[in-house]
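Reader: I am new to this structure and would like to learn how to read it. Please take me through it step by step.

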Amino acid sequence: MLTTSAGTHLGAFTRIDWAIFLSIGGIWGSSFLLIAIGLDGFGPGLVTWLRILFGAAVLWLVPAARRRIRRHDLPRLVALSVLWVALPFTLFPLAERSISSGLTGLLNGALPIFAVTIGSLMLRRLPGRTQAIGLIVGFVGIAAIALPSVGEGSSEALGVGLALLATVCYGVAINIAAPLTQRYGSLPVMARMLALAALWTAPFGLVGLDGSGFAWTSLFAVAALGMLGTGVAFVLMGRLVSRVGSQRASFATYLIPVVAMILGVVFRDEALRSSSIVGVALVIAGATLASRKERPVERAFE
């Protein structure tokens, strides 16, 4: 179950790859703004549960999502629902109770590092030199964007540990997703993954009802967060993982804080720091390096 596969397209990103890559960054980057609006009316647990429910519902409306998945792949699918959705979606809100949002974003930005490390172990090969350089450059960019706000709040060890655990879960999940999405297509896999995750997070959501109010703006925000930021975005990511491999696909997360920063400046009057501008340039450079042609799969270590 804990295995992965290389992408079907190891060459430089095509226009379609870039379109999917940028769409994922844009959608997930805007999710932070939608989460903030959702939290104005609902508790964190309810926001998490509702976004998964909306995401699953919109995917199951598509007939192609009902394609049959063989029984021997169900354990991998269950693991995917826990590691990619249920566990990290629960851990991150808990982590932000004791650490700043800036530090949370920085730790989440480490996903490509974990994805590349775990993928290299599973494939038993090292990443290409260009991708490795892009990995480092992109993470430095993430740090430049997030570090100024790291001190805004506490940095308790428990919160850091929870955020890191959530990011490691993402790193494992994005790798084990590749064989499933290549075998069945992204839509059937993600529809079932979200449906299962809705079951696992139901207790968290029901507990979140206590203390939650109601606001139409929050409901619309969570609906958009679920349908686009969860349903559509996961299908796009599954497609990208299948094509270019989990390691290069994970670099799309480097775009998330860039988009979140821009939306924060435009819609929430947040300050734009010079370090953030440098960070954006580095993130773009890292993503560009990651998009280059990947070397053929070869056994680098046994």
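**Reading the model**

Author: Arginine 183 has a relative accessible area of 39%, so this residue is partly exposed. Buried means under 20% relative accessible area, exposed over 50%, and partly exposed in between, with a 1.4 Å probe and protein chains only. This is a predicted model, in which local features need pLDDT of at least 70 and side-chain atom pairs count only at pLDDT 80 or more, while totals for chains, interfaces and linings use all residues. Residues are numbered from 1 along each chain as its sequence is written, and side-chain values use heavy atoms, with hydrogens and water left out.

Reader: How many helices and strands does the chain have?

Author: Helices (H or I, at least four residues) and strands (E, at least two) are DSSP runs, numbered from the N terminus. The chain has twelve helices and zero strands.

Reader: What share of the residues of the chain count as buried?

Author: The chain has 302 residues, and 53% of them count as buried.

Reader: What is a salt bridge, and how many are there by this rule?

Author: Side chains of opposite charge can pair when their charged atoms come close. The rule asks for a side-chain nitrogen of Lys or Arg within 4 Å of a carboxyl oxygen of Asp or Glu. The count comes to two salt bridges. One of them joins the side chains of arginine 183 and aspartate 73, at 2.9 Å from N to O. Arginine 183 lies in helix H7 (residues 157-184) and aspartate 73 in the loop between helix H2 (44-60) and H3, so the pair ties together parts 110 residues apart in sequence. Aspartate 73 counts as buried because its relative accessibility is 5%.

Reader: Which parts of the chain does the pair of aspartate 17 and arginine 243 link?

Author: The side chains of aspartate 17 and arginine 243 meet in a salt bridge of 2.5 Å, N to O. Aspartate 17 is in helix H1 (residues 15-38) and arginine 243 in helix H9 (residues 216-244), distant parts of the chain that are 226 residues apart. Aspartate 17 is buried, at 0% relative accessible area, and arginine 243 also counts as buried, at 16%.

Reader: Which residues form the nonpolar patch on the surface?

Author: Patches are made of residues with over 30% relative accessible area and no salt bridge; like charges are joined within 9 Å, and nonpolar side chains (Val, Leu, Ile, Met, Phe, Trp, Tyr) within 5 Å. Here Val78, Val82, Leu87, Leu199 and Trp200 form the patch, with about 410 Å² of accessible area together. Such areas come from the Shrake-Rupley method with a 1.4 Å probe; for residues, only the protein chains shown count as cover. Helix H3 (74-95) supplies the largest share, three residues. Valine 78 lies in helix H3 and counts as partly exposed because its relative accessibility is 34%.
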